[in-house]
Amino acid sequence: MQYYCVLVFVLANLLKYVNSQLPNFVLIFADDLGFGDLGSYGHPSSITPNLDKLASNGLRFTDFYSSSPVCSPSRAALLTGRYQTRSGIYPSVFSPGSKGGLPLNETTIAEVLKPRGYVTAIVGKWHLGVGPDRMYLPTNQGFDHYLGVPYSHDQGPCQNLTCFPPDIKCFGVCHQDLVTVPLMANDTIKQQPVSFLDLEKTYNDFATQFISTSIRRKQPFFLYFPSHHMHQPQFAGQGAAGKALRGPFGDALLELDSTVGNLVQTLEDLGVSKNTLVFFTSDNGPSLLRMTRGGNAGLLKCGKGTTFEGGMRVPAIAYWPGAIRPGVTHELASTLDLLPTIAGLAGAKLPRVQLDGFDMSDILFRHGPSKREAMFYYPMFLNETYGLFAVRLGKYKAHYYTQGSSLSDTTPDQACHRTAPLEPHDPPLLFDLEADPSENYNLATPEHPELEAVLQQIQRVKAEFEEGMVFGEAQIAKGTDPTLEPCCTPQCTPKPACCTCG
């Protein structure tokens, strides 16, 4: 018996030692942040000192992509390493009362890491469904802890809410005839409506506590921080309001930047920065419909809601002191690649399903070539009839269909607008994204016969990919049920206005 107790003690301490050597992961996912919004990506008046420092001391990507031009599909792809078509996260995005959600048989990054002893948390925007009995929330998808808003913070009346101190109301009216936006802790509503002035501080306190508790318990951790910034309506607390050069958008961006700085400083103060991968990126391009309140795609064409470069090509920064050399990479990479990369670093088993991501270790640690040869562009309202809208292979991109979006209205480029109809292209439009990242000059013309072979190669890659694509049941097409909208006083009347607490 004494021998057995000693053995258990030794094994327990050995497990703690092994766990202490595993890397930690902090994944920060901005919302509607455009390719041209950060100072490190060329914006002349953005105040983003912490993100700029992260970029100068880390690896900045120039050719990094989200899987979708809108948020629910892009979040599903990031967490599962699979295109949203496979998990059924289409068309468009979830509503507060959606009947569907991220299927529970899909494997998230959190679920990949759990068998390796990781403690997992999400703080911020979920937007992958609530569902009956709140079955689709993060605590049923591999996360030990959750604090956040379960969908976009404009999916509820906001015109009477305060977005900036002392009492500046939110800009616009947001979505009406829904419950006000709730703040949830695990599967319980903590506050409804959420207090925007305090929200970022609440998130920061939660994240700091989670990191410090994990370290104290000698547990490796995965923190997923899907921020509400820069989605409209913009908001900011006392620390950032009125302090930026870009108006309300700039204030919200400064608050996001301060959060990044706080997380990095926490890792340094607690002595784990050299054992932690911090990865920052965005869910899709900027909401150009909002004009100066909607962000900037830089020199890329169009923005959110479109399959032009501005809709899906996003900023991305990888930071790991002592492990990742500072620099810039032009290698092709995607949010899809995060799951296999993190799994490899943690020594975790990959899910036994078709993955669409590739391990980025060669890019991160050796500034080497990408294993990804192609990027496939699915539209906002995708369906099996049309399938892919575009394919990038190497430096060339072919558009088989183009369509504008209301989310990219107001720009001078009419091709971005909702009035630009669905248009098939045969032969497809062809652009050299190295020479022409703005997609201005179509090369599929008689003047460029030498590129016919390129188009044929892209067509073969497209056909092979589509042949292996199995569409999952469309979760968003299941529709909505108002009784599924989160309400902290479920028996109250009249709804939705009576759903208030905290």
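How many cavities of 30 Å³ or more does a search of the whole structure find? The search finds one, a cavity being a set of points, on a 1 Å grid over the protein atoms alone, where a 1.4 Å probe fits but cannot get out. The structure is a predicted model, in which local features need pLDDT of at least 70, side-chain atom pairs count only at pLDDT 80 or more, and totals for chains, interfaces and linings use all residues. Residues are numbered from 1 along each chain as its sequence is written, and side-chain values use heavy atoms, with hydrogens and water left out.

The largest cavity holds about 60 Å³ of space, where a volume is the space filled by probe spheres set on grid points joined across faces, edges and corners. Its lining (residues with an atom within 4 Å of a point) includes Phe25, Phe222, Phe279, Thr341 and Met360. Two or more lining residues come from each of β1 (24-30), β11 (276-282) and α9 (338-346); helices (H or I, at least four residues) and strands (E, at least two) are DSSP runs numbered from the N terminus. Ten lining residues are nonpolar, one is polar and none is charged, with Ala, Val, Leu, Ile, Met, Phe, Trp, Tyr, Cys and Pro counted as nonpolar, Asp, Glu, Lys and Arg as charged, and the others, Gly among them, as polar.

The largest pocket (an open set with protein on both sides within 12 Å along at least five of seven lines) has a volume of about 400 Å³. Of its 16 lining residues, Phe358, Ala374, Phe376, Val461 and Phe465 lie nearest the centre. The contribution of α11 is the greatest, at three residues. The lining comprises seven nonpolar, three polar and six charged residues.

The second largest pocket contains about 320 Å³. Among its 19 lining residues, Asp154, His175, His231, Lys304 and Leu407 lie nearest the centre; by class, six are nonpolar, nine polar and four charged across the whole lining.
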